Amino acid sequence: RRGGGLVDLELDLRWNFYHNDGLWMSVIGGPTLVNDVVSNPSQNETLQLGQGFIGGDVAFVLRQDWGPSSINFELYSLFPLTQSTEAFSQFGANIGYGYQVMAEIQPVIELNYANLQPASGQPVQSLDITLGLVAQPFDFLQVYAGVQHTLWGQNTEQTTSLIGGFSTKF
């Protein structure tokens with residue numbers, strides 16, 4: 001079965017509550033707006049926002065840099081802040097490796113584990129691999145793009161997705 005289209009739009013506002021260069025550790029978190037973009041057949045296949053709940057997340061990040069190489073490990077938890085039949089809580093872990101080939105470009109590889117507990121329905125687990133690039137054209141802006149593929153899962157379909165986004169600091 002094949003599918004396509006725009007899915008999973010998310011807006012995170014994250015604050016770095018604690019950072020320690022000596023321990024290579026950061027604690028970050030903040031509110032998250034989670035929405036799927038879904039196609040509505042009754043409206044000529046127009047796109048509209050789907051799930052529509054607001055969640056909060058907390059992440060614990062360890063990062064180690066060795067010259068041009070870097071390794072990071074992230075544990076995170078997302079929890080709903082508003083009521084919705086589509087709301088879910090999620091726990092996950094990511095481990096990644098990157099290599100700075102140029103000052104502005106870093107290829108990355110990650111393993112991503114997610115465990116979703118929906119408000120109704122079966123729990124979902126997945127283990128994915130992500131290959132991508134992180135570009136930093138300006139000090140305040142990072143842009144990323146990649147391909148994510150499901151290696152294993154329970155109550156989920158095996159997918160290959162193009163992913164992308166950006167982050168900024170101010």
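**Reading a model made of strands**

Student: Which strand is the place of V27?
Tutor: V27 belongs to strand β3, residues 25–35. Strands are DSSP runs of E with at least two residues, helices are runs of H or I with at least four, and both are numbered from the N terminus. Before we go on: this is a predicted model, where local features need pLDDT of at least 70 and side-chain atom pairs count only at pLDDT 80 or more, while totals for chains, interfaces and linings use all residues. Residues are numbered from 1 along each chain as its sequence is written, and side-chain values use heavy atoms, with hydrogens and water left out.

Student: Is V27 buried, partly exposed or exposed?
Tutor: Buried means under 20% relative accessible area, exposed means over 50%, and partly exposed lies in between, using a 1.4 Å probe and protein chains only. V27 counts as partly exposed because its relative accessibility is 26%.

Student: What does V27 touch?
Tutor: A contact means heavy atoms within 4.5 Å. Leaving aside neighbours within four places in sequence, V27 is in contact with W15, N16, F17, Y18, A59 and F60. Take A59: it is 32 residues from V27 in sequence, but the C-alpha atoms are 6.1 Å apart in space.

Student: How many helices and strands does the protein have?
Tutor: The count is zero helices and twelve strands.

Student: How do β9 and β10 pair?
Tutor: Two strands pair if DSSP finds at least two bridges between them. Here β9 (residues 105–118) and β10 (residues 124–138) run antiparallel, with twelve bridges. One example is L111, whose bridge partner in β10 is I129. Their hairpin has five residues between the strands, and in it G121 takes a positive phi near 110 degrees.

Student: And how does β10 pair with β11?
Tutor: Also in the antiparallel sense, over twelve bridges, with β11 covering residues 141–154. T130 stands opposite Q148 in β11. Two residues lie between β10 and β11 in this hairpin.

Student: Which residues make up the largest nonpolar core?
Tutor: A nonpolar core is a set of buried Ala, Val, Leu, Ile, Met, Phe, Trp, Tyr and Cys residues joined through side-chain atoms within 4.5 Å. In this protein the largest one has five members: I28, A59, V61, Y76 and A114. Beyond four places in sequence, A114 touches several residues, including Y76, F91 and V124. Across the whole protein, buried residues are 26% of the 170.

Student: Where are the aromatic pairs, and how do I describe one?
Tutor: You give the distance of the centres and the angle of the planes. Rings of Phe, Tyr and Trp (its six-membered ring) pair if their centres lie within 6.5 Å; planes under 30 degrees apart count as stacked, over 60 as edge-to-face and the rest as tilted. The structure holds one aromatic pair. F138 and F140 form it, stacked, at 5.5 Å centre to centre with 10 degrees between the planes. F138 counts as partly exposed because its relative accessibility is 47%, and F140 is partly exposed because its value is 46%.

Student: What pLDDT does the protein average?
Tutor: pLDDT is the predictor's confidence in each residue, from 0 to 100. The average is 81, and 79% of the residues score at least 70. Over residues 38–49, though, pLDDT is below 50, and this stretch has 17 contacts in the model beyond near neighbours in sequence. Where pLDDT is low, the predicted coordinates should not be read in detail.
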